[in-house]
Every structure is written in structure tokens, then in C-alpha cells.
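Please look through the sequence and the structure first.

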Amino acid sequence: MSTERLGIPGGRDVRASLDSDGSADAVVVACPPHPQHGGTRHDGRLTAVSDALPDWIDCLRFDYGPWDEGRGERTDAENACAWATERYERVGLFGYSFGGGIALLTGTADAVAALSPVARMDDGSDVVAAVDGIDAPLWVGYGTRDTTVDAERVAEAAREGGATVETIVADHFFVGQEATVADRVVTFAAGVL
């Protein structure tokens with residue numbers, strides 16, 4: 001697998017890495033954690049998912065443009081999905097923490113997966129309420145010892161809507177659990193894309 005660095009059109013200086021072997025017909029767009037807390041496309045949970053995807057699914061990991069309290073970052077995810085939709089038959093959307101909230105608020109994909117998503121964005125957007133608007137297969141996972149975000153509220157809304165909800169014995173950061181996270185997300189994505 002090779003990695004191509006590229007820019008995502010849309011006017012917000014969004015840089016991305018496309019992990020591809022050149023023959024995929026599906027892609028997962030990966031939304032990183034909070035950029036003001038060091039979240040980038042190189043996040044270990046995002047790269048673990050990318051590395052574990054089968055050959056027929058590429059991964060587009062991107063960095064957000066200039067900080068905009070969630071509004072611009074959501075636009076960045078929408079633009080990344082639009083870029084992917086022009087090039088692939090099926091597009092999945094995955095995010096971790098802040099990126100999980102972005103993925104759920106964006107929700108415009110053939111499948112959506114959120115790992116330990118925030119329940120509310122910095123701009124006040126309600127991620128829990130956004131779960132009802134997702135019209136695609138949905139997976140939500142969270143750590144049973146997560147005290148950093150209120151992912152359990154998002155998971156409950158997802159569960160009530162018939163989505164797949166899984167727990168992992170871990171805190172918010174899933175230290176040492178990257179392979180487990182990757183296995184769960186990739187099993188979901190490969191089954192629905």
C-alpha cells in the first residue's frame with residue numbers, strides 16, 4: 001500500500017493522505033480527533049484502521065483546516081466525502097472523539113463509524129440528536145472506562161435507532177488497544193461497504 005499526499009478542494013487548506021493500493025472501489029474517510037488537542041490525520045487509531053482495511057477499501061485521512069469551533073471542520077469532512085464520492089463507488093466515514101462527532105454530524109456516507117464520539121461540539125451542535133438523521137449503517141464504539149467524553153449518550157441514541165454499538169475495555173485513548181479498535185471498525189466497514 002502506498003500513501004499519496006493531497007489537498008482537498010473547498011477553500012480551507014485541508015491536507016490529506018490517501019492510503020491506497022490503486023485497485024479499491026470503496027474508501028473510508030477518517031476524521032481525526034480535536035485539532036486543538038493535537039489531533040491529526042496521523043492519529044494512531046486512524047492509522048490502525050487504515051492499515052487494517054482490506055485491499056478493496058482505501059483510506060483518506062485528513063487534517064482539518066483553520067480552527068472554526070466545529071463548523072469549518074464539518075465542512076472539511078463534507079468536502080473530503082465529496083472528493084471521495086467523485087472517485088469511489090462507496091464511501092464510509094469514520095471518526096474518533098471530536099472526529100467521531102464530526103462524522104456523525106456529517107453523516108453523508110454509505111456507512112458511518114464513530115469511536116468514542118463527543119456528545120456536543122464546541123459550537124454547541126448536538127451530536128446525540130444528529131444520530132437520528134443518519135440514513136446509513138451506523139457503528140458506535142466506546143471505552144467502558146471513558147471519562148473524557150460522554151460517548152455513552154451517543155451510543156444509547158445509536159442503540160435506540162438500531163445501530164451496532166460495541167464497548168471495548170479501555171479509557172478514552174485506547175492505549176494498547178489500537179488493534180482491537182481497528183478490528184472492530186474494519187469488521188463493520190467491510191461488512192457494509
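The text below goes from the overall fold to selected residues and their surroundings.

## Overall fold

The model is predicted. The protein chain contains six helices and eight strands. Their order along the sequence is β-β-β-α-β-α-β-α-β-α-β-α-β-α.

The C-alpha trace spans about 40 × 35 × 30 Å along its principal axes. For 193 residues, a compact globule would have a radius of gyration near 16 Å, and the 15 Å of the protein chain agrees with this. Of the 193 residues, 56% are buried. The accessible surface amounts to about 8100 Å², and carbon and sulfur atoms account for 44% of that area. Taking the contacts between residues at least 6 apart in sequence, 66% join residues at least 24 apart.

Strand 1 (residues 2-8) and strand 2 (residues 14-20) run antiparallel and are joined by seven bridges. One of the bridge pairs consists of isoleucine 8 and valine 14, the latter in strand 2. The two strands form a hairpin with five residues between them. In that turn, glycine 10 has a positive phi of about 145°.

In a regular strand, side chains alternate between the two faces of the sheet.

In soluble globular proteins, nonpolar side chains tend to be buried together. Here the largest nonpolar core has 46 residues, and the members that touch the most others are Val29, Leu60, Phe62, Leu104 and Leu138. Another core, of 25 residues, lies apart from it and includes Ala30, Leu46, Ala113 and Ala182.

Leaving out residues up to four places away in sequence, leucine 104 touches Val112, Ala114, Pro117, Val127, Ala130, Val131, Ile134, Leu138 and Val154.

Helix 3 is mostly covered, with eight of its nine residues buried. The buried ones are Phe98, Gly99, Gly100, Gly101, Ile102, Ala103, Leu104 and Thr106. Just after the helix, glycine 107 takes a positive phi of about 55°.

A search of the whole structure gives four aromatic pairs.

| Pair | Arrangement | Centre to centre | Angle between planes |
|---|---|---|---|
| Tyrosine 64 and phenylalanine 98 | edge-to-face | 5.6 Å | 85° |
| Tryptophan 67 and phenylalanine 98 | tilted | 5.9 Å | 45° |

What does the pair of tyrosine 64 and phenylalanine 98 tie together? Tyrosine 64 belongs to the loop between strand 4 (57-62) and helix 2 (71-85), while phenylalanine 98 is in helix 3 (residues 98-106), so the pair ties together parts 34 residues apart in sequence.

Phenylalanine 98 is buried, at a relative accessible area of 2%. Tyrosine 64 also counts as buried, at 9% relative accessibility. Tryptophan 67 has a relative accessible area of 30% and is therefore partly exposed. Phe62, Tyr64, Trp67 and Phe98 form one aromatic cluster.

## Two loop residues

Is aspartate 43 buried or exposed? Aspartate 43 is buried, because its relative accessible area of 10% is under the 20% limit. This residue lies in the loop between strand 3 (26-31) and helix 1 (44-52). Not counting residues up to four places away in sequence, aspartate 43 touches Pro33 and Tyr96.

Valine 169 is found in the loop between strand 8 (164-168) and helix 6 (178-192). With a relative accessible area of 59%, which is over the 50% limit, valine 169 is exposed. Beyond residues up to four places away in sequence, valine 169 touches Thr144, Arg145 and Gln177. The C-alpha atoms of valine 169 and aspartate 146 are separated by 9.2 Å, and these two residues are 23 residues apart along the chain.

Technical notes. Residues numbered from 1 in each chain as written. Predicted model: local features only at pLDDT ≥ 70, side-chain atom pairs only at ≥ 80, totals over all residues. Heavy atoms only, no water. Phe/Tyr/Trp six-rings, centres within 6.5 Å; stacked < 30°, edge-to-face > 60°. Helix = DSSP H or I, 4+ residues; strand = E, 2+ residues; numbered from the N terminus. Buried < 20%, exposed > 50% of the residue type's maximum accessible area, 1.4 Å probe, protein only. Pairing = 2+ DSSP bridges. Contact = heavy atoms within 4.5 Å. Core = buried A, V, L, I, M, F, W, Y, C linked by side-chain atoms within 4.5 Å. Rg over C-alpha atoms; globule rule 2.2 N^0.38 Å. Areas by Shrake-Rupley, 256 points an atom, 1.4 Å probe, with all protein chains shown as cover.
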